[in-house]
Amino acid sequence: MSFEHPNRNNETIRDVELDIMSRPTEHNTTNLDLDRMSLILDIMGNPQESFRVIHVTGTNGKGSTARMAEAICRAYGMRTGLYTSPHLEKVNERIAVDGQSLSDDDFIDVWDQTKDLVALVDAKMEELGKPRMSFFEVLTAMAVWKFADAPVDVAVVEVGMGGRWDATNVLDADAAIIGPIDMDHMQWLGGTVERIAGEKVGIIKPGCTAVIGPQPHEDVVMPIIEQAAQANHATLVRDGYEMEVLERMPAVGGQVATLRTPNGTYEGVPIAKFGEHQAHNALAALAAAETVIPVAGPLDGDVVAEALSQVKVPGRIEQIRNSPTIILDGGHNVNAAEALRGALEENYDFKQLVGVVAMMRDKQVEEYLGVLEPLLSAVVVTENSWRERVMPADELEQVAVEVFGRDRVFKQAELPDAIQEAVNMVDAEDEVGVGYGYGVLICGSFVTAGDARAMLKEHASPVMKQAISIHQPAVEPDDESADSDESDTDDWDMPLDADAA
């Protein structure tokens, strides 16, 4: 926080979030350029040139991979910046320094320092007849400003959507991570996996190391990636070729894996997340970290193990309560559903699992539900707080009935009621009352996961507390994603960037 002007306008975090998030979204085709971002960085003096960059894209796994890469770099003594999206509860979750989200005061102060520069860009764009800065562009500029001011040694930056025209692509990556590429955001990125891949390879920059995760459509996607790498004289590090998950086994709280990178083999690495996909995310993060950490040869295995064993990813297969088990997952496409199903089948033995599902209307809803159908005893369809994009519960019910059958589908328009109904269902079947083997899965959107997380955390409303009073938290919800005050419990009915759904 600046000493010259510490929150000189006495703004609250809600004031600032309303100001920023009321700006245009990325969901249009009128701002498919980097002009606004390039201009504001020029005005700032190109602060992005003061730190190294790990840039992360892909259809799924970006947030997990970014957090793992940041944790490894930080464990090695580097000062780190982390920029992720969407936020689950509060906007300042998106920007972190040294593993800590910005405090409300810090976030307000960064906005205070940059908003006049944003106004200059807006004015210039108005002269040119072009759109003003979007909320995601503003947040990205704030992150770059904060990282340079800290200053950080390396910034780990998650793409908002796509790659080529994403606001973050004004950064030149030292390591560009491209996770699995699949069908999502087709209305903006294109209707084929080839077109989507063409957008995502835009983050491969001259001379960088391109770290490529496993590709479900390898035959058509890899030639596009290889062509982009060759054109930019980038070094390719591909999962299954130059790097590999040699073995893995489930463990309490996650898994243990042996990872091979171009620099060496790391045996018995504990990864504090469930699912085979998270082992591959850890592998990509490790290979990228090797690129930016100033160490010759392999990294210290104990340091890597310590870093990866501590990484928490809110809203991604996150167990937030037990008795019954309540799991949150923000994934919203078929690939995410497959990863979720695999992780739950591998690590849990549910006698009964009831789903609480709210999804956006522009998603592959039937296909998503179809992947989870064998896993769920019943499903309660509902709505989340993003009323402009959420599929109405009546429509979601019709789709769910086609997938699950009439007898397994229930409807509650309000999310708290839906959670309570699901809990009541599993309680009714739990004769012993200990909750083991009985669970509730809340899923379908990051907005859904964020809404539920806010309700189920210990600062939930008195009404929600009373409703779930017989259930105790399994673990303390990790606060790496939010530094919220006890009194700040409002739901944030604001648009998020494209990957928020």
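These legends accompany several close-up views of a predicted protein model.

The model is predicted, so local features need pLDDT of at least 70 and side-chain atom pairs count only at pLDDT 80 or more, while totals for chains, interfaces and linings use all residues. Residues are numbered from 1 along each chain as its sequence is written, and side-chain values use heavy atoms, with hydrogens and water left out.

**View 1. The whole protein, for orientation.** The protein has 16 helices and 17 strands; helices (H or I, at least four residues) and strands (E, at least two) are DSSP runs, numbered from the N terminus. Of its 501 residues, 60% are buried, where buried means under 20% relative accessible area, exposed means over 50%, and partly exposed lies in between (1.4 Å probe, protein chains only). Among contacts between residues at least 6 apart in sequence, 77% join residues at least 24 apart. Contact here means heavy atoms within 4.5 Å.

**View 2. Helices H2 and H4 crossing.** Two packed helices are described by the angle between their axes and the distance between the axes. Here the axes of H2 (residues 35-44) and H4 (residues 104-127) come within 10 Å and cross at roughly 130°. That makes H2 oblique to H4. Axes are lines fitted to C-alpha atoms, for helices over the stretch in contact, and angles run from 0 to 180 degrees between N-to-C directions. Angles under 35 degrees count as roughly parallel, over 145 as roughly antiparallel, 65 to 115 as roughly perpendicular and the rest as oblique. The crossing of H2 and H4 is right-handed; the near helix is turned clockwise from the far one by less than a right angle in a right-handed crossing, and anticlockwise in a left-handed one. From H2, Arg36, Leu39, Ile40, Ile43 and Met44 meet a set of H4 residues that includes Thr114, Leu117 and Lys124. By class, the contact of H2 with H4 has nine nonpolar, one polar and two charged residues. For these classes, Ala, Val, Leu, Ile, Met, Phe, Trp, Tyr, Cys and Pro count as nonpolar, Asp, Glu, Lys and Arg as charged, and the others, Gly among them, as polar.

**View 3. Glu11, ahead of helix H1.** Look for Glu11 in the segment before H1 (13-21). At 17% relative accessibility, Glu11 counts as buried. Setting aside neighbours within four places in sequence, Glu11 is in contact with Val16, Ile108, Trp111 and Lys115.

View 4. E7 (residues 209-212) runs parallel to E8, and four bridges join them; Thr209 has Thr235 in E8 as its bridge partner.

View 5. Strands E9, E10 and E11 form an open sheet in the order E9-E10-E11, with antiparallel pairing. E9 (244-251) and E11 (264-271) stand at the edges with a single partner strand each, so one side of each is left without a neighbour in the sheet. Neighbouring strands are turned by 10° against each other on average, direction ignored. Seven bridges join E9 to E10 (residues 254-261), and Val245 stands opposite Leu259 in E10.

**View 6. Strand E13 and its partners.** All five residues of E13 (residues 325-329) are buried: Thr325, Ile327 and Asp329 on one side, Ile326 and Leu328 on the other. E12 (residues 318-321) and E13 run antiparallel and are joined by three bridges, with Glu318 paired to Leu328. They form a hairpin with three residues between them, and Ser323 in the turn has a positive phi of about 55°. E13 also pairs with E17 in the parallel sense over five bridges, and Leu328 stands opposite Ile442 there.

**View 7. Val440 within strand E17.** Val440 is found in E17 (residues 438-443) and, at 0% relative accessibility, counts as buried. Beyond its neighbours within four places in sequence, its contacts include Thr325, Ile327, Leu353 and Val426.

Terms used: Pairing = 2+ DSSP bridges.
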